[in-house]
Amino acid sequence: MGKTMERRKFLKTGALVGAGAAGAYGLPLLTSLRASAGNALAPSAKCRWGMVIDLTKCPPNCTACVDACKRENNVGSTGDRLRDIYRIRKVTIESTLAVGVAPKAVPLLCNHCDEPPCALVCPIKATYKREDGIVIVDPHRCMGCRYCVIACPYNARHFNFRENDQRPNPAYPKRQRGVAESCDLCAHLLDQGKQPACVAACEGIQAKALCVGNLNDPASEISALIRNHSVKRLREDLGTEPKVFYIGL
Amino acid sequence: MELKFERIAGRSKPFYLLSCGLAGLVAAGVYSTWLMHDQGLHLSGMSSRIPWGLPIVMAIFYIGLSAGSLVISSLYGVFGKLEYKPFARVATYMALLLMIGALLSILTDQGRIDRVVVEPFSHFNFLSMLSINPFLYSSYILICAAYLIVMMAGNEKWTKILALIAVLWAILVHSGTGAIFGFVPRALYNSPLLPPSFVAAALSSGTALMILVILALFRLTGRPLDKAPVLWIGRLLAVLVLIAGYLVLVENAHRLYAHESRAAERFFLLGGAHSLLFWGGLLLVGSVLPLLILFHRRAGASIRWVAVAAVMVVAGVLCERYLIVIPGLAYPPDLFPGWTITQSPIEEGIASYAMSLYEVLQALGVVALMGLLFLWGLRTLRLLPTEARRPTEFPARAVAIGCP
Ligand code: SF4
Ligand code: SF4
């Protein structure tokens, strides 16, 4: 008799523990359901910024966009390869599938994903997607947990490891240590009706490889570029819905 | 025979010396933490590619240990096994301290410590594992504290209720911690098996640590200890190590089998110094050898060997924690399938991480703080029984391993 009572008690406890485990999995499941439901509404916004990068027009050794970005956004350099910040960087890629394919120079930046994993994981919503599709970090709220840096599948996020005293652009705040950093499409310039610094610099050297515009406006230059070219986005298979389109990749 | 819980005297010279040593380490930890935040986290070994380092490794290690401690306490609290009652208070206290240590490691790892107090409360993101977890952790600390208080007050009914809540909460906490990694789209992170395997490793390491703590405490205080319950915990440990090992095996076999993760898995298994931690640390020292010992008829019945196995399991799980965090970050996402990046101003490809002295000092500081709180807890609270013997047994049959 005593034995069966014990067993019953044991089973009851076991069942409760099981229920606890189920709860632990239920929570993330429910919240992720909410995630996809919320984001499905995003493209209806009137303005949805995106970028087209035409690699056929991008000269291999040019870093005009990178330099202009650093100047505009007060992102300094210290020569520390592991910790220097590049909101936009230029890499060279070589084919691993076939020999004799010419290497390509590719500017890489935040893709302003429509389903941004960085914003999904930010514990305090310091990273968020604006109404117009720009993914942005609020440097005054970010607590520097670096979870977004980890979640971004494009290595587009960096972290301000150091206090940065370089401030070539007095109109823009100094970059402070301890917060995440990534391209925000120069939202401060777009909001004033100006071009992002990289796009302006690229136009300045007559290359015109970069184009930023409203993806929701069929009459915009960017919409025409996407219509008339075969464009690629990075790792479309991840479901992050990037809004940076490459021509000639 | 009624169990009597007594404080330790804590007036001996070694006690004070140990306390001073630990306090010194705490001071060093505080100083290096302050430096890292005053000057910037570049003083740590972390980089933009490996932005989480030793503090997170240690945090999830403590979180795991905490769960295991709670399991030992629940043997009495939830399952009513009287022979484990002597360890229940210490175990709960340990669970509490380890969780505080974990929370401390995470908090001091933030880039802006000044913001962690306000922002998580004002801008809660229910979709972020890192947002949910601190709440789980702090509530877990409160539950453990309440559980300890009612247990020490001798309230049987509430001890049962709170013990059960604490165990359920612990599972939630650990699944949540596993999910911080398992739910992120990186080749070596993204896995639904990570939360359960995190729980399994947690339980085995914590159980092992409790064995060591129990043995050390009773020996150092010269209080008699019946070895049967400890040996039984050893057998429990063997089962937990088996389960944890099984999950690790399944996870890695799957990654090796699936095309999309094969290259990443190859890096994990054979890609560098961390692979040594996997084969030598986690598999050999952390799983195979302790299993051989614990299942061996004679070694498994010897306190000394069970203690050796326990040390090995704890070390193995520490390796496992490192293996959860670092290789997953070091392995790069494949930005251009079919292409490789040959030039870049930042580190592309496989990233490297070498922990810095500041990080190590910070980690030691947290360990020392927990040690200090543990020692002084023993001195101020009635956590340890004067003796731990089977209630039904003749005192003569108890083996007083405390008195050499
Ligand atoms: S590219 Fe990275 S940082 Fe940019 S929105 Fe996508 S996930 Fe976020
Ligand atoms: S580093 Fe800042 S922006 Fe990134 S996830 Fe953490 S709090 Fe959010």
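## A walk through the chain A and chain B model

Leaving aside neighbours within four places in sequence, P103(A) is in contact with T92(A), I93(A) and E94(A). This proline is found in the loop between β2 and β3 of chain A. P103(A) and I136(A) are 33 residues apart in sequence, and their C-alpha atoms are 32 Å apart in space. Please keep in mind along the way that this is a predicted model.

Let us turn to where the chains meet. The contact takes 71 residues from chain A and 68 residues from chain B. In chain A, the residues that lose the most area to chain B are R146(A), Y147(A) and I150(A), which together give 11% of what that side buries. The area buried between chain A and chain B is about 6,200 Å², and carbon and sulfur atoms give 62% of that area.

How many salt bridges are counted between chain A and chain B? The count is two.

Several elements of chain A each supply at least two residues of the side that touches chain B: α1 (2–39), β2 (88–95), β3 (104–109), α3 (117–121), α4 (147–151) and β6 (158–159). Which of them gives the most to this side? It is α1(A), with 16 residues. By class, the side of chain A that touches chain B has 41 nonpolar, 14 polar and 16 charged residues.

Strand pairing also links the chains. β2(A) pairs with strand β2 (residues 339–343) of chain B in the antiparallel sense, over four bridges. In β2(B), W339(B) is the bridge partner of S95(A).

Within chain A there is an open sheet of four strands, in the order β8-β1-β10-β9 and with mixed pairing. Why is one side of β8 (210–214) and of β9 (231–232) left without a neighbour in the sheet? Both strands stand at the edges with a single partner strand each, so one side of each has no neighbour there. β9(A) runs antiparallel to strand β10 (residues 244–247) of chain A, and two bridges join them. Here K232(A) stands opposite Y246(A) in β10(A).

A search of the whole structure finds 23 salt bridges over all chains. In one salt bridge, D184(A) and R87(A) have their closest N and O atoms 3.1 Å apart. D184(A) lies in the loop between β7 (180–181) and α5 (187–190) of chain A, and R87(A) in the loop between α2 (64–72) and β2 of chain A, so the pair ties together parts that are 97 residues apart in sequence.

Finally, here are the ligands. The residues around ligand 1 include C110(A), H112(A), C113(A), C118(A) and C152(A), along with P116(A), P117(A) and R157(A). Around ligand 2 there are 13 residues, of which C122(A), T127(A), C142(A), C145(A) and C148(A) come nearest.

| Shell | Nonpolar | Polar | Charged |
|---|---|---|---|
| Ligand 1 | nine residues | two residues | one residue |
| Ligand 2 | ten residues | two residues | one residue |

How values were computed:
Residues are numbered from 1 along each chain as its sequence is written. Chains are lettered from A and ligands numbered from 1 in the order in which they are written. This is a predicted model: local features need pLDDT of at least 70, side-chain atom pairs count only at pLDDT 80 or more; totals for chains, interfaces and linings use all residues. Side-chain values use heavy atoms; hydrogens and water are left out. A residue is near a molecule or strand if one of its heavy atoms lies within 4 Å of it. Ala, Val, Leu, Ile, Met, Phe, Trp, Tyr, Cys and Pro count as nonpolar, Asp, Glu, Lys and Arg as charged, and the others, Gly among them, as polar. Contact means heavy atoms within 4.5 Å. Buried area is the accessible area (1.4 Å probe) that two parts lose on being put together, summed over both. A salt bridge is a side-chain nitrogen of Lys or Arg within 4 Å of a carboxyl oxygen of Asp or Glu. Two strands pair if DSSP finds at least two bridges between them.
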